[in-house]
Amino acid sequence: GMLGEAVYLSRDKRKAARYGDGTIIKVEVRPGKTKSINYQGHPMQKSWHDHGYDSAWVPPGCGMVGSGLSETCVWDPRRIRILRIQRR
């Protein structure tokens, strides 16, 4: 992915539904230390974890993704707890 290997999440159901079979997994996340990646070519775009960050956040409307929607990338899946699975 554009932020490297990690778990990709979004608060926006429209964005999440675009991936896989449309199943939405509601989670609780402990993001820890978070780095904002707000433009293409950011020096830490794929190396944020190597600099001590637990997650990376792409703000909405910053030009990183075509949809303009926000997403968060979490390095360690143990920081994520599944609350509910909603299948289409």
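Mentor: Ala, Val, Leu, Ile, Met, Phe, Trp, Tyr, Cys and Pro count as nonpolar, Asp, Glu, Lys and Arg as charged, and the others, Gly among them, as polar. The model here is predicted.

Trainee: By class, what makes up the lining of the largest pocket?

Mentor: Sorted that way, the lining has 17 nonpolar, 8 polar and 8 charged residues. The pocket itself has a volume of about 1000 Å³. It is lined by 33 residues, and those closest to its centre are Tyr-8, Leu-9, Ser-10, Arg-11 and Val-27.

Trainee: Which element supplies the largest share of that lining?

Mentor: That is β2, with 6 residues. Elements that each supply at least two residues include β1 (7-9), α1 (13-16) and β6 (80-86).

Trainee: Why is Leu-3 called buried?

Mentor: Its relative accessible area is 1%. Buried means under 20%, so Leu-3 is buried. Leu-3 lies in the segment before β1.

Trainee: Which residues does Leu-3 touch, leaving out those up to four places away in sequence?

Mentor: Among them are Tyr-8, Ile-37, Trp-48, Ala-56, Val-58, Met-64 and Cys-73. As for distance along the chain, Leu-3 and Thr-72 are 69 residues apart in sequence, yet 9.2 Å apart in space, C-alpha to C-alpha.

Trainee: What makes up the largest nonpolar core?

Mentor: It has 11 residues in all: Met-2, Leu-3, Ile-37, Met-44, Trp-48, Tyr-53, Ala-56, Val-58, Met-64, Val-65 and Cys-73. To be joined in such a core, buried nonpolar residues need side-chain atoms within 4.5 Å. In soluble globular proteins, nonpolar side chains tend to be buried together.

Trainee: How many disulfides does the structure hold?

Mentor: The count is 0. Cys-62 is in no disulfide, the nearest cysteine sulfur being that of Cys-73, 14 Å away.

Trainee: Why is the sulfur of Cys-73 too far from that of Cys-62 for a bond?

Mentor: The two sulfur atoms would have to be within 2.5 Å to count as a disulfide. The sulfur of Cys-73 is 14 Å from the closest cysteine sulfur, in Cys-62, and is therefore too far for a bond.

Trainee: Is Cys-73 buried or exposed?

Mentor: Its relative accessibility is 0%.

Trainee: What makes Cys-62 partly exposed?

Mentor: Its relative accessible area is 24%. Under 20% would be buried and over 50% exposed, so Cys-62 is partly exposed.

Key:
Residues numbered from 1 in each chain as written. Predicted model: local features only at pLDDT ≥ 70, side-chain atom pairs only at ≥ 80, totals over all residues. Heavy atoms only, no water. 1 Å grid on protein atoms, 1.4 Å probe; cavity = no way out; pocket = protein on both sides within 12 Å on 5 of 7 lines; lining within 4 Å. Points joined across faces, edges and corners; volume = space filled by probe spheres on them. Helix = DSSP H or I, 4+ residues; strand = E, 2+ residues; numbered from the N terminus. Buried < 20%, exposed > 50% of the residue type's maximum accessible area, 1.4 Å probe, protein only. Contact = heavy atoms within 4.5 Å.
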